[in-house]
Amino acid sequence: QVQFVESGGGLVQAGGSLRLSCAASESTFRFKSIAWYRQAPGKQRESVATIGAFGSTNYPDSVKGRFTISRDNAKNTVYLQMNSLKPEDTAVYFCNYPGRDFWGQGTQVTVSS
């Protein structure tokens with residue numbers, strides 16, 4: 001069972017930036033799509049960025065132009081660069097393979113106004 005360890009969250013003012021990291025415990029990570037998700041209190045978990053095995057990316061309109069997903073297969077790590085953060089970006093952020101229903105601890109991102 002693969003494990004993901006998310007890190008890099010914190011408290012930031014609106015307009016600021018954060019870079020999240022997610023380390024995978026398996027080397028086959030490099031052959032799979034992986035996504036960042038977030039879950040705010042009282043809301044459903046949503047995908048905010050996906051990257052394919054060959055580097056194609058996809059974002060919802062809510063973060064497009066502000067968030068950038070990237071991967072370093074040599075380090076089994078995926079990143080999420082978040083710029084121009086808004087209070088509505090406040091959530092716990094997770095990474096996972098799309099469709100997999102086993103979640104790690106995530107990392108808290110809090111954006112103050």
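These legends accompany close-up views of a disulfide and a nonpolar core in a predicted model.

**View 1. A disulfide joins cysteine 22 and cysteine 95.** Here the two sulfur atoms lie 1.7 Å apart; a disulfide is counted when a pair of cysteine sulfur atoms is within 2.5 Å. That rule gives a count of one disulfide. The pair links distant parts of the chain, 73 residues apart: cysteine 22 sits in strand β3 (residues 18-24) and cysteine 95 in strand β9 (residues 91-96). Strands are DSSP runs of E, at least two residues, numbered from the N terminus.

View 2. Buried means under 20% relative accessible area (1.4 Å probe, protein chains only).

**View 3. The largest nonpolar core holds 28 residues.** Such a core is a set of buried Ala, Val, Leu, Ile, Met, Phe, Trp, Tyr and Cys residues joined through side-chain atoms within 4.5 Å. Look for Trp36, Val78, Leu80, Met82 and Tyr93, which touch the most other members. Elements giving two or more residues include β4 (34-39), β8 (77-82) and β10 (107-112), while β3 gives the largest share, four residues.

**View 4. The contacts of valine 78.** Leaving out residues up to four places away in sequence, valine 78 touches, among others, Cys22, Trp36 and Cys95. Contact means heavy atoms within 4.5 Å.

**Notes.** Residues are numbered from 1 along each chain as its sequence is written, and side-chain values use heavy atoms, without hydrogens and water. In this predicted model, local features need pLDDT of at least 70 and side-chain atom pairs count only at pLDDT 80 or more, whereas totals for chains, interfaces and linings use all residues.

Terms used:
Buried means under 20% relative accessible area, exposed over 50%, partly exposed in between (1.4 Å probe, protein chains only).
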